[in-house]
Amino acid sequence: MTHPTPAARAVAPSAAERAYRHLKRSILEQIYPGGLLISEGEIAEAVGMSRTPVREALLRLEAEGLVTLYPKRGALIRPVSAREIVDVIEARRLVELHAAERVWPRRAPLRADLTRWLDRMREAHAAGDVTALMSADRAFHATVVEAAGNEILAELYHRLRDRQLRMGEASFRLSPGWAEVAITEHAAQLAALDGDDPQDWLDSVAAHIDNAATVLRTLR
């Protein structure tokens, strides 16, 4: 029998980590929709483990604002509120516009990375894969923020995007034509990077965020 090497065992995620990843993905992709009350036992059965690691995972998710725990009842998947949409969009706008301004002087290498993510968005849209489309869209935005070089802002932004991922899933599924608009607006950002006017680039980033906010508000 072949046994895992010590190195393989060292990098294998714990049961609590596996439960956390499963739950977070299920929440962000709305497999567990907002408003659902689910018990630790139901989750443990779904992931094939005991309740203890599930409880640890739920505590992490509560700290991230994705669930509310009720003793002896379970976890309520927190629905997206109108206030949350406003707050997340405002925070995203601050971070993304700051990052966009910072990356302009070194935009040449950034463009190649953004082109790759835009291509993946197009492929996912053509295949009708909304989850893959959202993932590529998220990576497109995160690439700009990470290129700005501020690790604290990048970490904050990833948490903001986690919150917006489940909002965005709804926008792509429920708002006809939004995927095409999003892809077109990302292409406009790439075109602005090819130009010589940094304001065009900043305006294209801001317009995309504002348009996304408009779509999200109409889904409330």
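This note walks through the main features of the structure above, point by point.

1. **What kind of model this is.** The model is predicted, so to speak of a local feature here takes a pLDDT of at least 70, side-chain atom pairs count only at pLDDT 80 or more, and totals for chains, interfaces and linings use all residues. Residues are numbered from 1 along each chain as its sequence is written, and side-chain values use heavy atoms, with hydrogens and water left out.

2. **The overall layout.** The chain has ten helices and three strands. Both kinds of element are DSSP runs numbered from the N terminus: helices are H or I with at least four residues, and strands are E with at least two. Starting at the N terminus, the order of elements is α-α-β-α-α-β-β-α-α-α-α-α-α. The C-alpha trace spans about 60 × 45 × 35 Å along its principal axes. Of the 220 residues, 43% count as buried; buried means under 20% relative accessible area, exposed means over 50%, and partly exposed lies in between (1.4 Å probe, protein chains only).

3. Two strands pair if DSSP finds at least two bridges between them. Here β1 and β3 are joined by two bridges, while four bridges join β2 to β3 (residues 74-77).

4. **Bridge partners in β3.** For T68, the bridge partner in β3 is L76.

5. Have a look at the loop between β2 and β3, where K72 has its place. This hairpin has three residues between the strands. K72 is not a glycine, yet its phi is positive, at about 70°. As background, most residues other than glycine have a negative phi. Is K72 buried or exposed? K72 counts as exposed because its relative accessibility is 91%.

6. **Helices α6 and α9.** Two packed helices are described by the angle between their axes and the distance between the axes. Helix α6 (residues 107-127) packs against helix α9 (residues 178-194) at an angle of about 165°, with the axes 10 Å apart. The axes are lines fitted to C-alpha atoms, for helices over the stretch in contact, and angles run from 0 to 180 degrees between N-to-C directions. The two helices are therefore roughly antiparallel, a term for angles over 145 degrees; under 35 counts as roughly parallel, 65 to 115 as roughly perpendicular and the rest as oblique. The crossing of α6 and α9 is left-handed: the near helix is turned anticlockwise from the far one by less than a right angle, whereas clockwise makes a crossing right-handed.

7. **Helices α5 and α10.** Helix α5 (residues 82-103) and helix α10 (residues 198-218) cross at roughly 165°, and their axes come within 10 Å. That makes α5 roughly antiparallel to α10. The crossing of α5 and α10 is right-handed.

8. **Helices α2 and α4.** Helix α2 (residues 15-28) and helix α4 (residues 51-63) pack at about 50°, with their axes 8 Å apart. That makes α2 oblique to α4. Their crossing is right-handed.

9. **E84 in helix α5.** E84 belongs to helix α5. E84 counts as buried because its relative accessible area is 10%. M167 is 83 residues from E84 along the chain, and the C-alpha atoms of the two are separated by 9.9 Å.

10. How many aromatic pairs does a search of the whole structure find? The search finds zero, where rings of Phe, Tyr and Trp (its six-membered ring) pair if their centres lie within 6.5 Å. The charged end of R116 sits over the ring of W117, at 5.5 Å from its centre. The test asks for NZ of Lys or CZ of Arg within 6 Å of the ring centre and within 35 degrees of the ring normal.

11. **More on R116.** R116 is found in helix α6. With a relative accessible area of 37%, R116 is partly exposed. R116 and A136 lie 20 residues apart in sequence and 9.1 Å apart in space, C-alpha to C-alpha.

Note on methods. Rings of Phe, Tyr and Trp (its six-membered ring) pair if their centres lie within 6.5 Å; planes under 30 degrees apart count as stacked, over 60 as edge-to-face and the rest as tilted.
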